[in-house]
Amino acid sequence: MNQNPRDLANLVSKITPRRAWNAAKVLSGFYYSRITMQPVHWGLPISISFEPTTSCNLRCPECPSGLRSFTRPTGMLDPDFFKKVIDQLHKEIMYLTFYFQGEPFLNPEFLEMVEYAASKNIYTATSTNAHYLDDETARSTVTSGLDRLIISIDGTTQETYEQYRIGGTLQKVLDGAKNIVKWKKELKSKTPHVIFQFLVVSHNEHQLAELYKLATETGVDEVALKTAQVYDYEKGNKLIPENEKYSRYIQQADGTFKLKNKLLNHCWKLWHSCVVTWDGSVVPCCFDKDATHKMGSLKEQSFAALWQNENYKNFRASLLQSRSEIDICKNCTEGTKVWA
């Protein structure tokens, strides 16, 4: 199932002259920095991620939220704070992801924040385990203006699904997806673009054909296959699939594993996006799950000031010098390509 052209057209429709000019400044600054090895940034983010909450109902084995292993506090994103930040950025950013850690629908004000971002003509997306998409919530999700809804479905049978989504129920996921599809039809809405995201691991890689069949039966718009990030991979990990096409890691002659990514000394994510935690801290990207590299707090300074502060300049500079020495980059398979 290929990406729906309507979804792409919807994203393109968010481009304004000001946003296009900002994107051009960000892109030119990125390439100028790669050439000069100096951390230059001439714009504001093109996209941004907000963390609705760190809470989660599941206990997935490779997720800090699921493992309850955070050293940072658990909490909920405040809608008033969210709106304050969006008011600073909405003329430049065109893509907003409501996800970092946790289950977004556990925040009771989540859809209120989606509506606010949508009112600013920002493309909005979120990722969910779909356990809270009852009929009423599904209708509210469709009417909120959410543009993209990623539903994690990591198995086509309960037995397989619960091996990773510990504490989860596959039937709830399917029912939630069907509720969204139903309300899209009833309300004659083209959004949200619904994606079944399948984390390919060793115990479910044999179910890909069944996945596409299930997606068609459910009526979702797209299927996306995702490779799994595992923390202890060097000596192998039971989650790493046999088919290396679906793995972030490759086995070496001595039996150990290494990243496929060569960890080049640049990262597009550090120029075009960032993550805001529920309590207002800004971290470089989604790989900093425990927010150990805080660039600053939006409760203490404006976004424009934080985006250009010494912490950010130093972090970008260290990445340009030796990305492999930064802890959150050592297990990263993203960010080296523009628009990745």
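This is a predicted model: local features need pLDDT of at least 70, side-chain atom pairs count only at pLDDT 80 or more; totals for chains, interfaces and linings use all residues.
## What covers helix α9

Helices (H or I, at least four residues) and strands (E, at least two) are DSSP runs, numbered from the N terminus. Local features need pLDDT of at least 70, side-chain atom pairs count only at pLDDT 80 or more, and totals for chains, interfaces and linings use all residues. Residues are numbered from 1 along each chain as its sequence is written, and side-chain values use heavy atoms, with hydrogens and water left out.

Buried (under 20% relative accessible area, with exposed over 50% and partly exposed in between, for a 1.4 Å probe and protein chains only) describes Leu208, Leu211, Leu214, Ala215 and Thr218 in α9, which spans residues 208-218. These residues lie on the same side of α9 because they cover an arc of only 110° around the axis, taken from the directions from the helix axis to the C-beta atoms. Ala209, Lys213, Thr216 and Glu217, on the other side of α9, are exposed, and just after the helix Gly219 takes a positive phi of about 95°.

## Strand β5 and its neighbours

In β5, 8 of the 8 residues are buried, with His193, Ile195, Gln197 and Leu199 on one side and Val194, Phe196, Phe198 and Val200 on the other. The strand runs parallel to β4 (residues 148-152), joined by 5 bridges, and also parallel to β6, joined by 6 bridges; strands pair if DSSP finds at least two bridges between them.
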